[in-house]
Amino acid sequence: MVQRTNETIDQPLPYPRDRLLEFLEQMVLIRHFEEKTMEMLARNRIRGYCHWNIGEEASVVGSVAAMTEQDQIVTSYRDHGFALARGTAPGAVMAELFGKETGCAGGRGGSMHMVDIARGFYGGYGIVGGQIPIAAGLALAADYLGEDRAVIGVLGDGATNIGAFHESLNLSQVWHLPVVWLITNNQYGMGTSVAEASAEPDLYKRACAYRMHGEQVDGMDVLAVYEATKRLLHRARVEREPSVLEAICYRYPGHSYADAGKSYRTQDEIDRWKQKDPVRTFPRFLEEHGLMDQAGYEAIQKRVDQQVHEAVDFAERSPFPSPDSLYEHLYATPTSASTRMEQNA
Ligand SMILES: Cc1ncc(C[n+]2csc(CCOP(=O)(O)OP(=O)(O)O)c2C)c(N)n1
Ligand SMILES: [Mg+2]
């Protein structure tokens with residue numbers, strides 16, 4: 001597994017301080033935003049599903065931070081954090097969760113279908129693995145059009161067992177498509193552990209079946225994820241070589257609101273992973289390097305809380321989409337049964 005091992009407090013970090021603080025602020029934003037969505041769900045302001053990135057912040061922020069402006073990303077339904085990390089306004093993400101017109105998908109997508117094409121975020125997908133062939137298609141388009149960009153195709157560990165994963169990996173290697181397959185291995189697909197579901201639990205090794213490069217990274221370490229993703233995106237963009245990056249991470253809450261997350265894992269296991277909580281370990285790391293003090297961390301938390309508060313306020317004040325717009329953004333104009341009868345007469 002790729003881990004940063006050789007850093008000591010005396011060695012300067014190869015990043016500007018502001019960049020590191022930005023990583024932290026984004027991770028704290030995702031954590032606080034997601035916690036607020038739990039509250040809004042309980043208060044019935046958000047309806048339907050919610051799948052949170054809590055615990056996965058380092059994998060989300062590290063990978064998205066490695067993208068260029070032209071690069072594109074497509075994810076599963078566990079997508080709120082990816083939209084926030086890519087720069088979609090927290091208000092637009094919250095409004096989408098509320099089903100409001102000002103949401104980033106016009107209130108039509110909800111939690112599982114965030115989208116922000118202007119920022120190269122081609123959406124969350126509710127169908128497990130539905131986004132995988134789409135990532136291959138985006139990468140094919142980049143190649144076909146000769147565009148200088150690469151694609152991150154994000155998927156969960158569970159999605160590595162569907163056929164489209166293998167078809168897309170194969171095609172991406174055969175055609176040398178500029179894509180990084182980022183597997184967020186959070187240890188479970190709903191209540192099924194990777195060991196129970198996968199004959200080869202080292203998921204990055206599946207790449208070798210397609211003669212593709214694959215590696216594993218500590219998904220609780222934002223800098224390790226950033227460095228690995230940056231390197232592999234460059235390889236995709238410049239050398240036209242796809243790869244698999246397996247980020248080993250953990251989700252602290254249940255799978256979604258309907259799962260308490262207790263029946264298939266022990267408290268001891270959760271506690272062990274909490275030792276690696278990026279929202280706690282990264283501030284300590286920055287303090288040890290003299291880049292931030294307690295007051296600095298509190299200022300970040302305060303700023304983020306204000307942003308989340310404003311996001312909720314924006315979502316509350318926004319209108320629902322007008323019923324007149326029901327048939328907008330569809331591939332076909334629906335006709336009623338009576339119109340069809342008239343047409344057929
Ligand atoms: C085709 C399909 N089958 C089943 C489901 C139900 N389902 C939703 S999430 C999920 C587990 C996916 O696990 P994983 O890929 O590890 O992603 P994670 O939720 O852990 O991020 C399943 C089976 C679905 N949404 N789509
Ligand atoms: Mg999973």
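**Helix packing, sheet and ligand shell in a predicted model**

The structure is a predicted model, in which local features need pLDDT of at least 70 and side-chain atom pairs count only at pLDDT 80 or more, while totals for chains, interfaces and linings use all residues. Residues are numbered from 1 along each chain as its sequence is written, and chains are lettered from A and ligands numbered from 1 in the order in which they are written. Helices (H or I, at least four residues) and strands (E, at least two) are DSSP runs, numbered from the N terminus.

**H5 with H6**

- The axes of H5 (residues 131-144) and H6 (residues 163-174) come within 8 Å and cross at roughly 15°, where axes are lines fitted to C-alpha atoms, for helices over the stretch in contact, and angles run from 0 to 180 degrees between N-to-C directions.
- The crossing in which H5 passes H6 is left-handed, a term that applies if the near helix is turned anticlockwise from the far one by less than a right angle, with right-handed used if clockwise.
- From H5, Ile-132, Pro-133, Ala-135, Ala-136 and Ala-139 meet Ala-164, Phe-165, Ser-168, Leu-171 and Ser-172 in H6, contact being counted if C-beta atoms, placed from the backbone, lie within 7 Å.
- The residues of this contact divide into 8 nonpolar, 2 polar and no charged, where Ala, Val, Leu, Ile, Met, Phe, Trp, Tyr, Cys and Pro count as nonpolar, Asp, Glu, Lys and Arg as charged, and the others, Gly among them, as polar.

- The crossing of H1 and H2 is right-handed, and the H1 residues Phe-23, Gln-26, Met-27, Ile-30 and Arg-31 meet Glu-57, Ala-58, Val-60, Val-61 and Ala-65 in H2, a contact whose residues divide into 7 nonpolar, 1 polar and 2 charged.
- H1 also packs with H11 (residues 294-317), at an angle of about 40° and with axes 9 Å apart, and the crossing of H1 and H11 is right-handed.
- Among the residues that make the contact of H1 with H11 are Leu-24, Val-28 and Phe-33 of H1 and Ile-300, Val-304 and Val-308 of H11, and the residues of this contact divide into 9 nonpolar, 3 polar and 3 charged.

**The sheet**

- An open sheet is formed by 5 strands in the order E1-E2-E3-E7-E6, with parallel pairing, where two strands pair if DSSP finds at least two bridges between them.
- E1 (72-74) and E6 (213-218) are the edge strands, each pairing on one side only, and the twist averages 20° from one strand to the next.
- E1 pairs with E2 (residues 151-156) in the parallel sense over 3 bridges, and Val-74 stands opposite Gly-153 in E2.
- H8 (residues 222-239) lies across E3 (179-185), E6 and E7 (243-248), running at about 170° to E7.

**Ligand 1**

- Ligand 1 is surrounded by 15 residues, the closest being Val-128, Gly-156, Gly-158, Ala-159 and Gly-189, with a residue counted as near if its C-beta atom, placed from the backbone, lies within 6 Å.
- The residues of this shell divide into 5 nonpolar, 8 polar and 2 charged.

Conventions. Contact = placed C-beta atoms within 7 Å.
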